[in-house]
Amino acid sequence: MKKILIMAGDGIGPEIVAEAIKVLDVAKARFGLEIETDEALVGGAAYDASGDPLPEESLAKARAADAILFGSIGGPKWDNIERDKRPERGLLRLRSSLGLFANLRPAILFPQLADASSLKPEVVSGLDILIVRELTGGIYFGQPRGIREESGERVGFNTDVYSESEIRRIARVAFELAMARGKRLCSVDKANVLEVTELWKEIVTDMASEYPQVELSHMYVDNAAMQLVRAPKQFDVLVTGNLFGDILSDEAAMLTGSIGMLPSASLDEQRKGLYEPCHGSAPDIAGQGIANPLATILSLAMLLRYSLDRGDIATAIEQAVEKVLEDGLRTADIYTDGCRKVGTAEMGDAVAAALRA
Ligand code: IPM
Ligand code: MG
């Protein structure tokens with residue numbers, strides 16, 4: 001029996017994950033899906049309970065699971081504790097310990113939300129792009145890093161580093177995904193300035209011969225940031241390093257109306273994965289029951305598709321989300337005039353009901 005580990009985390013994490021679990025329960029009943037679920041602490045919640053944002057017990061459960069459904073972590077409460085104990089470090093250690101190097105962040109505009117985007121409907125309608133972000137290397141993990149004293153003042157430093165093999169394995173994932181979609185891949189770098197991305201560009205270019213059907217292009221990250229808001233539909237799949245991917249995926253999220261709509265998958269070589277919404281823990285609205293649970297529900301769909309090979313259930317969940325949007329239900333972040341504003345639980349209930357039908 002497949003095992004799913006639930007890691008709700010901090011802030012709005014527990015609220016949005018609870019809605020995804022409602023949907024999972026309906027999926028189990030309707031599709032006879034047999035899975036076991038367990039829970040584990042992570043982030044600030046884990047730090048409060050044990051002094052560690054990723055306790056050994058949580059990591060062991062994560063290793064034993066086939067897939068992890070993750071909420072969100074962090075908040076002002078933990079901003080000033082020792083750096084290594086901060087909630088974000090728990091998530092980063094989890095990604096790195098499990099080798100979850102391939103981060104898939106699709107930005108798809110549901111037609112019903114064309115008006116919720118800050119861009120004109122004609123610029124975003126029909127948008128379907130996929131950002132493939134390298135997740136366990138680059139400046140997020142490079143050594144040396146730190147803050148040191150130098151000539152009487154403090155100096156902060158990090159290292160952006162990628163080996164050929166790291167570039168090759170993420171590029172391979174991106175080429176394969178491009179093959180299964182629109183067959184266009186744009187590799188994003190800053191090769192005009194940074195040696196690390198000069199190597200990136202060289203390796204990706206070198207691999208293109210293995211995928212003659214894929215049309216490969218390269219773009220500097222500053223230009224990519226601009227093109228994403230100017231004409232986002234020119235893209236199919238984008239592949240980039242950890243930091244650029246972090247930034248560009250938030251930007252791409254807004255094209256879809258709200259970052260509250262964007263799911264993600266972080267996969268290892270065997271497709272074991274951690275699935276989480278792209279948004280953060282939103283401490284400002286935590287506990288108010290107004291957060292949008294759809295990114296987490298859509299992350300559950302990705303979990304079923306990629307780690308459990310149940311694309312059929314994933315599609316049914318995505319259709320249930322679409323139905324609810326079609327019916328005019330909106331959480332505050334995607335609300336536009338004429339729609340019905342609902343809270344977190346009402347949105348989750350509606351998706352669960354649509355899936356049951
Ligand atoms: C994300 C988040 C994380 C990241 C933070 C919470 C560490 O912004 O998943 O995009 O920077 O990777
Ligand atoms: Mg981010």
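Let's start with one pair: Leu69 has Tyr275 of β12 as its bridge partner. This is a predicted model, where local features need pLDDT of at least 70, side-chain atom pairs count only at pLDDT 80 or more, and totals for chains, interfaces and linings use all residues. Residues are numbered from 1 along each chain as its sequence is written, and side-chain values use heavy atoms, with hydrogens and water left out.

Strand β3 covers residues 67-72, and three bridges join β3 to β12 in parallel. A word on names: helices (H or I, at least four residues) and strands (E, at least two) are DSSP runs, numbered from the N terminus. Two strands pair if DSSP finds at least two bridges between them.

Now the whole sheet. What is the strand order? The order is β2-β1-β3-β12-β11-β4-β5-β10-β8-β9, an open sheet of 10 strands with mixed pairing. β2 (35-39) and β9 (215-220) are the edge strands, each pairing on one side only. From one strand to the next, the twist averages 20°.

Helix α6, residues 164-179, packs on this sheet. α6 touches β4, β5, β8, β9 and β10. Contact here means heavy atoms within 4.5 Å. The direction of α6 makes about 165° with that of β5. Axes are lines fitted to C-alpha atoms, for helices over the stretch in contact, and angles run from 0 to 180 degrees between N-to-C directions. Helix α8, residues 221-230, lies across β5, β8 and β9, at about 105° to β9.

Next, Asp10. Asp10 sits in the loop between β1 (2-9) and α1 (13-31). Asp10 is buried (under 20% relative accessible area; exposed is over 50%, partly exposed in between, with a 1.4 Å probe and protein chains only). What does the Asp10 side chain reach at 2.7 Å? The backbone nitrogen of Gly44.

Last, the backbone. Most residues other than glycine have a negative phi, and most peptide bonds are trans. Gln143 to Pro144 is a cis bond, with omega near 0°. Pro144 lies in the loop between β5 (128-134) and β6 (146-150). Ala282 has a positive phi, near 40°, and is partly exposed at 23% relative accessibility. Asp309 also has a positive phi, about 55°. Asp309 is exposed, at 65%.

Definitions and conventions. Chains are lettered from A and ligands numbered from 1 in the order in which they are written. Lys and Arg count as positive and Asp and Glu as negative; His and the chain ends are not counted. A salt bridge is a side-chain nitrogen of Lys or Arg within 4 Å of a carboxyl oxygen of Asp or Glu. A polar contact is a pair of N or O atoms within 3.5 Å; within protein, one must be able to donate a hydrogen and the other to accept it, and residues adjacent in sequence count only if both atoms are side-chain atoms.
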